[in-house]
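Me: I am new to reading protein models and would like to learn how to describe the way pieces of a chain pack together. Could we go through one example step by step?

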Amino acid sequence: MDSMCPPTLCWVTCPKINGVALPICRTPIGHWLRNGRLLISQPAEVSCRVKGQHEFANPESTFVSDWDLTCDRSIQRTSAQVSISLGKFCGSFSFGILADKFGRKTSFTLGAAFFIVGSFLCTFSPWYSVFLAGRFALGAASSGLFYPAFTMIVENICLKHRSWMSITFAASYPVGMIILAVVGYIIQPWRHLQLALTIPSLLLILNCYLMNESPRWLITTQRYDRVYKILFRQPSHYQIQPAVAASPQVVTDKKSLEPEVGSSLVEKLKNGPLKSIIELYGSSSVRKMIFASYYMFCVTSLSYYVTALNAANLSVSRYLYIIATGLVDIPSYLVPVIMLRFTGRRLTTMFLFLWTGVSLLLVLSVPASSTTWIVAFAMLGRFGISATYSVVTLYTAELYPTQVRNSALGTCSTFAHVGSISAPYVVDVLGALGWYIPTTICGCCVLVAGLLTLTLPETGTGKLSDKVDSSTASTTAEQPEKQ
C-alpha cells in the first residue's frame, strides 16, 4: 500500500549518483521513499476498530463466522459455553428434585427429551439466540441424564462392585472427548459435526423404553408390587397390596385431625414440593455435610473445566489438547478403583485433592517459554481432578440417604456448575492477564477442598441409609467406634 508524500517529508530527497537520484531510499526518520512516494508497509495485525472487512481462514468450522462474533462481539463467544453451564446449573437442581419426587426413570426420560430437542436446535438454528437456547437445553439435559443414571447404579449395586462400576460409568466421558476430537478433526463444518453428534442421541428413546425404575426408590415410596415385578419379571403372588393399602388409611386419619390445628398453604408446600429441600437442610449433621460437598463440587468443576478450556493460553493445538486430556482421563478413572479398595472414600478424596493442587501450583515454577513442562504439569493436574471428580460423585451419593440422595446430588451439581460457569471467564479474562493465573487459582482452591474432606465421615464400610433419621444415627454411631 502506498500514499503521496506528506508535506513534512516532501523536502527529503534521495541521494544522487552521477546526477541521478536513487529510485528508492530511506529517510532520516526511518520512512522509505520510492519515486517521491512514501511507502507504508501493511501491519501484521490490524485492530478491530479499523473500518474494513475481515475473513476467516476456515469459516465453516466455527459458529463465530455464522453470526460474526468478532471485535466488540467477541465476548459473546464465551456465552456459548456459559449457556450450557447455566443449563447444567438449572437442570441439576430441578432434575434432582424431580428424581426424588417422581422417580429416577421419569427424570431420565425428561432429560432425554431435552437432549434431543436441544441437539436439533443447535444443529439447525438460524439465529444465535436459538443456538444459545439449544445449548441451554443440552446443559439441562446432561444433568437430567447423568445423575438419575448414576444414582441408580449406586442404589442397586452391592458394595463390593459399586466402586468400579460407578467409576467405569463416569469413564465414558473421556472416551467421548477423544471421539469428539477425532470426529471434529474429520468433519470440519460445525453444523455437520453437530448433526453427527445428534443422530446417536435418538438411541435414548430405546433406552427410556427398556429402562426400569430404581427398586430402592420404589421401596421408599412403598410400591412393593412394582418392585416384585421388576425383580422377578412377574406379578406378585403375595398379599402385599392390602398391607400397602392400610397405610393410607392411617395417613387419612391423621389428615382428618389437621383441620383442628389448621392446614395452610405453607404446610402443603412443606409436605409437597419443598419436602426434599426441608429434609436436606433440616438435620444439622446432613446440613454440615451438604455445605462441605457444595464447596468440593464447585472447586472440582472449576478446575476440571479450566484445565479443559485452557489450550489457547498454553499455545497448543486444540485437537491435540482435547485428545491428550481424554487420554489422561482414562487412567485417572482406573487409579481410584485401586485406591478405594484399600484406603476408603475419605482418604482417597483428600489425597487426590492434594495431588491436583500441588500439580497445578507447580506450573508457577516453570518458565513461560517451556511449553512442554507447562502442559505436563497441567496434565498432572488434569489427571488428579478427573480422578477426584469420579470419587467425589460416588462419595457424595453414599453420604446421603435414599430419601434425599438425588436432591443432594442435584444441588451439589448446581454448585458444581457455578464453577463451570466461572471457568470460561477465568480462562478468557484472567488468562489474558497472565497465562499462569487460571491454574494458580484452581490449585489454591483445590488444596482447601482437600483439607475440608477431613470433616466428612467415611462411607466405604457401611450400608446405604434410606431415611434421614437413620443417616443421622449412623453418622453419630461412627464416632465412638473411631475413638
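Me: Which residues of H4 meet which residues of H18?

Reply: In this model, which is predicted, Ser-143, Tyr-147, Pro-148, Phe-150, Thr-151 and Glu-155 on the H4 side meet Arg-405, Asn-406, Leu-409, Ser-413 and His-417 on the H18 side. Sorted by class, the residues of this contact of H4 with H18 are four nonpolar, five polar and two charged.

Me: How should I read the geometry of such a pair, and at what angle do H4 and H18 pack?

Reply: Two packed helices are described by the angle between their axes together with the distance between those axes. Here helix H4, which covers residues 128-156, packs against helix H18, residues 405-433, at an angle of about 140 degrees, and their axes are 10 Å apart. That angle makes H4 oblique to H18, and the crossing of the two helices is right-handed.

Me: What angle do H4 and H5 make where they cross?

Reply: Helix H5 spans residues 159-170, and its axis and that of H4 come within 9 Å and cross at roughly 165 degrees. Angles over 145 degrees count as roughly antiparallel, and H4 and H5 are therefore roughly antiparallel to each other. The crossing of H4 and H5 is right-handed. On the H4 side the contact is made by Phe-146, Ala-149, Phe-150, Ile-153 and Val-154, while H5 contributes Arg-162, Met-165, Ser-166 and Phe-169. Taken by class, this contact of H4 with H5 has seven nonpolar residues, one polar residue and one charged residue.

Me: How many residues does the protein chain have, and what share of them is buried?

Reply: The protein chain has 483 residues, and buried residues make up 43% of them. The chain contains 20 helices and six strands. Among its contacts between residues at least 6 apart in sequence, 76% join residues at least 24 apart.

Me: What joins the side chains of Glu-398 and Thr-459?

Reply: The side chains of Glu-398 and Thr-459 are joined by a polar contact of 2.8 Å. Glu-398 lies in helix H17, and, at 6% relative accessibility, Glu-398 counts as buried.

Note on methods: Residues are numbered from 1 along each chain as its sequence is written. This is a predicted model: local features need pLDDT of at least 70, side-chain atom pairs count only at pLDDT 80 or more; totals for chains, interfaces and linings use all residues. Side-chain values use heavy atoms; hydrogens and water are left out. Axes are lines fitted to C-alpha atoms, for helices over the stretch in contact, and angles run from 0 to 180 degrees between N-to-C directions. Helices (H or I, at least four residues) and strands (E, at least two) are DSSP runs, numbered from the N terminus. Angles under 35 degrees count as roughly parallel, over 145 as roughly antiparallel, 65 to 115 as roughly perpendicular and the rest as oblique. A crossing is left-handed if the near helix is turned anticlockwise from the far one by less than a right angle, and right-handed if clockwise. Contact means heavy atoms within 4.5 Å. Ala, Val, Leu, Ile, Met, Phe, Trp, Tyr, Cys and Pro count as nonpolar, Asp, Glu, Lys and Arg as charged, and the others, Gly among them, as polar. Buried means under 20% relative accessible area, exposed over 50%, partly exposed in between (1.4 Å probe, protein chains only). A polar contact is a pair of N or O atoms within 3.5 Å; within protein, one must be able to donate a hydrogen and the other to accept it, and residues adjacent in sequence count only if both atoms are side-chain atoms.
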